[in-house]
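User: I have a structure open and would like to learn to read it. Can we go through it step by step?

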Amino acid sequence: MDKKQSNKESKVACLIYERLVKRIVSTKVRRNLKRLYQWEDDDKALKRYYVDKISLLLKIAVIFTCILVIMCITSINKKSVVDGVVKKNEYGEGGKLLRVEAATKDGYKIIRELDIKERRFSEMELEEKLVKLFPILEKIVQGENDDLLHIKRDLTLPSSIEGYPFALTWFSKSDYINGDGEISRDLGEEGTSLQLYVDISYFEFRREFIWNLYIYPVELEERDRWELDLDKALQEEQEKALREKELKLPSEINGKKVIWKEKVNSEIGQVAGLMILTLLLIYFMKDQDLGKQVAQRNEKLMEAYSTVIHKLCLYLGAGMTVSGAWKKIAYDQKDKEKGSNHIYEEMLYTCYEINSGVPESVAYERFGKRIRIHSYTKLAGLLTQNLKMGNSALLLLLREEATEALEEKRHMVKRKADEMGTKMLAPMMLMLGIVMALIMIPAFSSLGI
């Protein structure tokens, strides 16, 4: 299915190219393609480039057409204004923004944006909901307690109940319970009675109700009691030492010896951890960077290989010896391209070895081992093995190698072009996503989706 679809798109793209685009081809594009694909026919490369580009544009056009069709269908099915009447959202659905146009037969037109609020409940509906709310609310308030007349644990005082439109505000005139439902720990052993008020509101609708409670001292676990007594002891010691130069911390609470120590700021540990992580990242990233440098070096060496081979063929064909041709290539490039390519530095190093008395064959072998690339290792082998056979045999082998090197260089250029196209794909997709978002978000917002 995908292949059939792709073939259809290619045929349509080819048709568009032949009928329209071919007549307005940019000279700059033609020149750039010729530089990138020198080994390919100009017309074929140009057609392939534009067919691919038109196919991509067709795909994008199909996507946007589908979006527009969906938007049109949705807008038709979700008409909010019918015969001058706007249907409002029910409670919980929220309001909606509506863009409307008022027009007359005389040609008057005006556009307005309306903020349509959701429907509010009537007073009768609210009273009915209150009747259903009270048993639910009472059970929520008492929490883990048996009932409201035997309160031994903190209460649960919600600000709203799911499914009901009311806002709840809690308060008490007693100091033994706060607005969050927490019971005071200073309550006497016998407990006390108090009243809990709740204000129930919904816009202008308001009701207030009162619950009679009887609360007892909160049942605390041993650890909770110890923490409470510790806080009391600390407060007492601070009050005693208001005018002292030192504050003595309590040494014993409820028969348990207390050992005090300063809590070190946790940020120190975080910074230390961040430092270790940073060092590890830098350590491994430097190795990766080194690998990239080696890869770049090898790439430059391979780029220069065909040039070196062709120069060797040229100089050997002119009657120069192997060492003479080698030295001429190295010394000629010494000043011209110093630092531009590692191959000439390696060739110079080989020249210095030969000048210092190292046998020529050994110097070439060392050259191949230093570079560690198959092509150069092969070249070093050819030079070493053919020193004894004479320049005629060597020249023939080097010419064959030059042909292969040129072909390899062409493949390398093509491979780089493909990699560059792949790298550009991600930014293009990102831009496509941004454009689609800029179109779809306002569209869906206007439809209330």
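Analyst: Gladly. This is a predicted model. Start with Y376, which touches L301, M302, A304, Y305, I343, F367, G368 and I371, leaving out residues up to four places away in sequence.

User: In what order do the strands β5, β6 and β7 line up in their sheet?

Analyst: Strands of a sheet pair through backbone hydrogen bonds, either parallel or antiparallel. Here 3 strands form an open sheet, and the pairing is antiparallel. The edge strands, β5 (167-172) and β7 (205-215), each pair on one side only.

User: Which residue in β6 is the bridge partner of F171?

Analyst: β5 and β6 run antiparallel, and 6 bridges join them. For F171, the bridge partner in β6 is Y197.

User: At what angle does helix α4 run to β7?

Analyst: Helix α4 covers residues 123-142 and lies across β5, β6 and β7. Its angle to β7 is about 20°.

User: Is D199 buried or exposed?

Analyst: D199 lies in strand β6, which spans residues 192-202. The cut-off for buried is under 20% relative accessible area. D199 has 12% relative accessibility, so D199 counts as buried.

User: Which side chain makes a polar contact of 2.6 Å with that of D199?

Analyst: Look at what D199 touches beyond four places in sequence: A167, L168, T169, R206 and R207. The 2.6 Å polar contact joins the side chain of D199 to that of R206.

User: What percentage of the protein chain's residues count as buried?

Analyst: Now take the whole protein chain, with its 11 helices and 9 strands. It exposes about 32300 Å², and carbon and sulfur atoms supply 56% of that area. Of its 449 residues, the buried percentage is 27%.

Methods. Residues are numbered from 1 along each chain as its sequence is written. This is a predicted model: local features need pLDDT of at least 70, side-chain atom pairs count only at pLDDT 80 or more; totals for chains, interfaces and linings use all residues. Side-chain values use heavy atoms; hydrogens and water are left out. Contact means heavy atoms within 4.5 Å. Helices (H or I, at least four residues) and strands (E, at least two) are DSSP runs, numbered from the N terminus. Buried means under 20% relative accessible area, exposed over 50%, partly exposed in between (1.4 Å probe, protein chains only). A polar contact is a pair of N or O atoms within 3.5 Å; within protein, one must be able to donate a hydrogen and the other to accept it, and residues adjacent in sequence count only if both atoms are side-chain atoms. Accessible areas come from the Shrake-Rupley method with a 1.4 Å probe; for residues, only the protein chains shown count as cover. Two strands pair if DSSP finds at least two bridges between them. Axes are lines fitted to C-alpha atoms, for helices over the stretch in contact, and angles run from 0 to 180 degrees between N-to-C directions.
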